[in-house]
Amino acid sequence: MAPPAAPAAVEGGGEGGGGAQRQEPGYRQTIAGIIRIAVFWYFASKLFSPRKPTPSDPAIQISNLFQKAEPLDMWVYLSEQEKFSDFNSEGALIWHETNIPYAVWGPQSTRSLSLKYYPSEALKHNGSLYAHVFFARSGYPPDPNDPEYDKLAAFERTHPVVIYLPKSRADKRKSLLGNSKESDEVVKASEMVEDTQADSKDEGPVDWISYWKPNITINLVDDFTRYSQNGVPPNIAPYLNVEPSTRNYYPTVFFNEFWLLRDKLIPINDTVKEFPLNLEVGPISMTKWQLFLQIDQSFQIHRSYGSMIEGEADELKRVFLEGNPYLLVVTMVVSCLHSVFDFLAFKNDIQFWNKNKSMEGLSAKSVVVSFISQLIVFLYLLDNDTSWMILASSGVGCCIEFWKIGKAMHIEIDRTGKIPKLRFRDRESYAGNKTKEYDDLAMKYLSYVLFLLVACSSIYSLTYERHKSWYSWILSSLTSCVYMFGFIMMCPQLFINYKLKSVAHLPWRQMTYKFLNTIIDDLFAFVIKMPVLHRLSVFRDDVIFLIYIYQRWVYPVDKKRINEFGFGGEEDQASTGAEAIAAKEEEKKTN
């Protein structure tokens, strides 16, 4: 019986080993299932569970670290280094104020100081200087190395006191006659050229010169807006000083240079021993701050497109600084009226010449001279590197004046020669009556006066003024004559009206708008600074238009005469009556 027992034991042992082998895969499957569930739960919790807010979440609101009316202390240091850390230097601290209420409007929140600054030798030789402005809650120091320093209670901003601009470029104009007796002031006269106006045709590097800013205005923006973390407006984000740990922002410091004009800057050189420095600190509203930023941005856009040259922005600001507020309001209203009347005069001028069928009583010579004058002004503007918008306006005016010549005369192309030429021929309505005779007679005598004035003005300009070239002298002389003696172009029409004893052929609607614009120009002559000759040219137009009005009163309108559109008054009545009769006959046929 014993022998069979061993196989049984062996068999039993075999069963026991097979059971262990069958249980081991089940254990492994359980562990693997638990791991899979844990991984699935982890990813599911990341994907579907509500997220905790993070600092980059746009739902987080950031706010001002300081409260309204909270007292602040201010320190202003001057240093030639852009980064400042020498708080123990007594010479660097130029201004210290305490208990400035933040964002409170009143005399207690506005402080000012005027002092003299003595530059160092390094600053005189194109050195730099920075104003480091520190603010802190009252009782807290601005020095980060101070034991009582709190980064949530202090903030600072740096502002350059010295600005670098391209050096004044020597004037290219010269005396064409080689006159050596020019005064030193005229010889040293130069044109200020900004960075945006640098001429690419000039050879050599651009020289820069440092200028001193005599005024530093420090404004604390009254801003307690709660911004979204990723929703700060783009016009505010560059100026927002955010604290990294709390993600809240410090009060915005704005160095207001809006009213700092170019001519107020002081050039720095070896001869200057001291500089004036006027400091001021005060609040500024959010609306006013944004208004200043938008206006400056608008000026930059206009300069980039060529619609505004350097210096025009300062002149506009000067009007608001030096002008009477009531006078400015009147000027703005009058400017709008001037634009409206100018547009209406232009529209009616186009309508008149587009519908005009007869040149009887109209001066064709004046139309030709007007085109020549407009062309001279366009070439003068082109020679002086004027902005493209003004050039485009003048060019359109030239095209319109040439189009009016086509309405006043017959323009033909002569192809008989090697080079085609334009030939101008008078219209029958102009040459077949007394209009051409009177026009030629008036232009003959007036041309003598005009040529004499042009010759005298050109000789004076050649003798006492300087020009870039002979071409520039010719254009400058002709343009000056156009501005000063342009009223002569209107005189032939006055002579024709006098001889014909009639003014019915004139475009009175267009002339009325031009006369209203002349009255507005008279107002501008008293408001805006301008040369005496230009002011006199405004009043000379008044005399011409007053003569036109007098002729309108003296010579009554003749209904039988051809009107401004080439039709007579009786013809209009006859045509209107014929149309009425035809309409009645048509009604009878219909009934």
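Visitor: How many bridges join β5 to β6, and which way do the strands run?
Guide: This is a predicted model. In the model, β5 and β6 are joined by 7 bridges and run antiparallel. Within that pairing, phenylalanine 134 is opposite glutamate 156 in β6.

Visitor: What sheet order do β5 and β6 belong to?
Guide: They belong to an open sheet of 4 strands with antiparallel pairing, in the order β3-β2-β5-β6. β3 (93-101) and β6 are at the edges; each has a single partner strand, so one side of each has no neighbour in the sheet. From one strand to the next, the twist averages 15 degrees.

Visitor: And how many bridges join β2 to β5?
Guide: 8 bridges, between residues 71-79 of β2 and residues 130-137 of β5, and this pair runs antiparallel. Methionine 74 is opposite phenylalanine 135 in β5. Leucine 78 has alanine 131 of β5 as its bridge partner.

Visitor: How many residues of β5 are buried?
Guide: 8 of its 8 residues are buried.

Visitor: Which of them point which way?
Guide: Tyr130, His132, Phe134 and Ala136 point one way from β5, while Ala131, Val133, Phe135 and Arg137 point the other way; all are buried. In a regular strand, side chains alternate between the two faces of the sheet.

Visitor: Back to β6. Where is proline 160?
Guide: Proline 160 is in β6, which covers residues 154-160.

Visitor: What is the relative accessible area of proline 160?
Guide: It is 34%, so proline 160 counts as partly exposed; that class lies between the 20% limit for buried and the 50% limit for exposed.

Visitor: Which residues does proline 160 contact, leaving aside neighbours within four places in sequence?
Guide: Proline 160 is in contact with Leu129, Tyr130 and Lys213. For tyrosine 130, the C-alpha atom is separated from that of proline 160 by 4.4 Å, with the two residues 30 apart along the chain.

Visitor: Switching to rings. How many aromatic pairs does the structure hold?
Guide: 24 aromatic pairs. One of them is phenylalanine 135 with phenylalanine 155: the ring centres are 5.5 Å apart and the planes are at 20 degrees, so the pair is stacked. Phenylalanine 135 is in β5 and phenylalanine 155 in β6, 20 residues apart, and the pair links distant parts of the chain.

Visitor: What relative accessible area does phenylalanine 135 have, and what about phenylalanine 155?
Guide: Phenylalanine 135 has 1% and is buried. Phenylalanine 155 has 5% and is also buried.

Visitor: What about tyrosine 227 and tyrosine 249, how do their rings sit?
Guide: Their centres are 5.8 Å apart with the planes at 55 degrees, so that pair is tilted. Tyrosine 227 is in β12 (residues 227-228) and tyrosine 249 in the loop between β12 and β13 (253-255), 22 residues apart. Tyrosine 227 counts as buried at 6% relative accessibility, and tyrosine 249 is buried with a relative accessible area of 1%.

Visitor: Which residues form an aromatic cluster with Phe135?
Guide: Phe66, Phe155 and Tyr250 are in one aromatic cluster with Phe135.

Visitor: And what lies over the face of phenylalanine 66?
Guide: Arginine 137 does, at 4.1 Å from the ring centre. Elsewhere, arginine 262 lies over the face of tyrosine 211, at 5.5 Å from the ring centre.

Visitor: New topic: lysine 124. Buried or exposed?
Guide: Lysine 124 is buried, with a relative accessible area of 10%. Lysine 124 is found in α2 (residues 121-124). Not counting residues up to four places away in sequence, lysine 124 touches Pro119, Ile268, Asn269, Asp270, Val272 and Lys273.

Visitor: Which residues of α12 are buried?
Guide: In α12 (residues 491-500), the buried residues are Cys491, Pro492, Gln493, Leu494, Ile496 and Asn497. Lysine 501 follows α12 and has a positive phi, near 55 degrees.

Visitor: Last one, the whole protein. How many helices and strands?
Guide: 15 helices and 17 strands. Of the 591 residues, 37% are buried. Among contacts with a separation of 6 or more, 77% are between residues 24 or more positions apart. The accessible surface comes to about 36500 Å², and 60% of that belongs to carbon and sulfur atoms.

How values were computed:
Residues are numbered from 1 along each chain as its sequence is written. This is a predicted model: local features need pLDDT of at least 70, side-chain atom pairs count only at pLDDT 80 or more; totals for chains, interfaces and linings use all residues. Side-chain values use heavy atoms; hydrogens and water are left out. Helices (H or I, at least four residues) and strands (E, at least two) are DSSP runs, numbered from the N terminus. Buried means under 20% relative accessible area, exposed over 50%, partly exposed in between (1.4 Å probe, protein chains only). Contact means heavy atoms within 4.5 Å. Two strands pair if DSSP finds at least two bridges between them. Axes are lines fitted to C-alpha atoms, for helices over the stretch in contact, and angles run from 0 to 180 degrees between N-to-C directions. Accessible areas come from the Shrake-Rupley method with a 1.4 Å probe; for residues, only the protein chains shown count as cover. Rings of Phe, Tyr and Trp (its six-membered ring) pair if their centres lie within 6.5 Å; planes under 30 degrees apart count as stacked, over 60 as edge-to-face and the rest as tilted. A charge sits over a ring if NZ of Lys or CZ of Arg is within 6 Å of the ring centre and within 35 degrees of the ring normal.
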